[in-house]
Amino acid sequence: MHRILIAEDEPRIASFLEKGLRAHGLTTAVAADGNQVILMVQTGEFDLLILDLGLPGRDGLEILEELRGQGERLPIIILTARDDIKDKIAGLESGADDYITKPFRFEELLARVRARLRNITVSTVTHDTVITVGNLVLDLRTRRIKVGDRTIDLPAREFTLAETFFRHPGQVLSREQLLDRVWGFDYNPGSNIVDVYVGYLRKKLGSELIETVRGMGYRLVVD
Ligand code: CA
């Protein structure tokens, strides 16, 4: 079982990460202080470090430099609220393997953690800004959907749900997959929220667009 060290001083985020990673079979520990992070890494008990850049005691970039300076090769993923490109470059130059910017989707973080544990690279978020399926165009930049010449604004969750379907056209997605991708791990598996939101999308985008596959889930219909 892989052991993940979470260096994060904000209890709410640390506990969100712990719950999520544990729900996916990983073991976790939290360090809320920069000096403690270094000591814990030095125990050699961890397989990966998720490192918040803004930590008390020692700044994340200093931690990186110190650990890499000691020859520490542990995979490190930077987690930061600073979406300043300079910090990202500095982080990668200091030897981080990857970074993720807050706010983030748990699914994305998990994908990056798993990729690092398998020692592969996930290409940074695609540069595509539109996904086209039939006569529908989903614009990731403006977060709008065009149906023919009609433009539809969707609230955040509906857009994320639509995006999930658009990224898997023609593929059956189960309620569990949709819940996990759109609502994160923190849901009640018995809830009918997916069905309710699929209903919203059908109303706005056309009732034939999303097909119910009995006993399995839903599918975005591709002509
Ligand atoms: Ca912080």
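**Calcium site, cores, salt bridges and sheet**

Gly 54 is partly exposed, at a relative accessible area of 35% (buried is under 20%, exposed over 50% and partly exposed in between, with a 1.4 Å probe and protein chains only). The model is a predicted one, so local features need pLDDT of at least 70 and side-chain atom pairs count only at pLDDT 80 or more, while totals for chains, interfaces and linings use all residues. Residues are numbered from 1 along each chain as its sequence is written, and side-chain values use heavy atoms, with hydrogens and water left out.

Gly 54 takes part in the calcium site: its O, together with an OD of Asp 9 and an OD of Asp 52, coordinates the ion at 2.2 to 2.4 Å. Donors here are N, O and S atoms within 2.8 Å of the metal, or 3.2 Å for Na, K and Ca; water is not among the atoms, so sites may look incomplete. Along the sequence, the donor residues follow the spacing D-x42-D-x1-G. Asp 9 sits in the loop between strand S1 (3-7) and helix H1 (11-23), and Gly 54 in the loop between strand S3 (48-52) and helix H3 (60-69), so this pair ties together parts 45 residues apart in sequence. Helices (H or I, at least four residues) and strands (E, at least two) are DSSP runs numbered from the N terminus. Like Gly 54, Asp 9 is partly exposed, at 33%.

Asp 52 turns up again in a salt-bridge network with Glu 8 and Lys 102. A salt bridge is a side-chain nitrogen of Lys or Arg within 4 Å of a carboxyl oxygen of Asp or Glu, and the count by this rule is 15. One of them joins Glu 66 to Arg 58, with the closest N and O atoms 2.4 Å apart; Glu 66 is partly exposed at 30%, and Arg 58 is partly exposed at 23%. Another pairs Glu 108 with Arg 112 at 3.0 Å, N to O. Both residues lie in helix H5 (residues 106-117), four residues apart, or about one turn. Glu 108 is partly exposed at 29%, whereas Arg 112 is buried at 3%. Arg 219 and Glu 211 meet at 2.8 Å, N to O.

On the nonpolar side, the largest core holds 28 residues, and those with the most contacts inside it include Leu 138, Leu 161 and Leu 201. A nonpolar core is a set of buried Ala, Val, Leu, Ile, Met, Phe, Trp, Tyr and Cys residues joined through side-chain atoms within 4.5 Å. Among the elements giving two or more residues to this core are S7 (136-139), H6 (156-167) and H8 (193-205). Leu 161 touches Leu 178, Val 182, Tyr 197, Val 198 and Leu 201, leaving aside residues up to four places away in sequence (contact means heavy atoms within 4.5 Å). Apart from this core lies another, of 22 residues, among them Ala 29, Val 41, Leu 74 and Ile 78.

Four strands make an open antiparallel sheet in the order S6-S7-S8-S9, where pairing requires at least two DSSP bridges between two strands. Neighbouring strands are turned by 20° against each other on average, direction ignored. S8 and S9 pair over four bridges, and Lys 146 has Thr 151 in S9 as its bridge partner. H6 packs on the sheet, touching S6, S7 and S8, and its direction makes about 120° with that of S7. Axes are lines fitted to C-alpha atoms, for helices over the stretch in contact, and angles run from 0 to 180 degrees between N-to-C directions.
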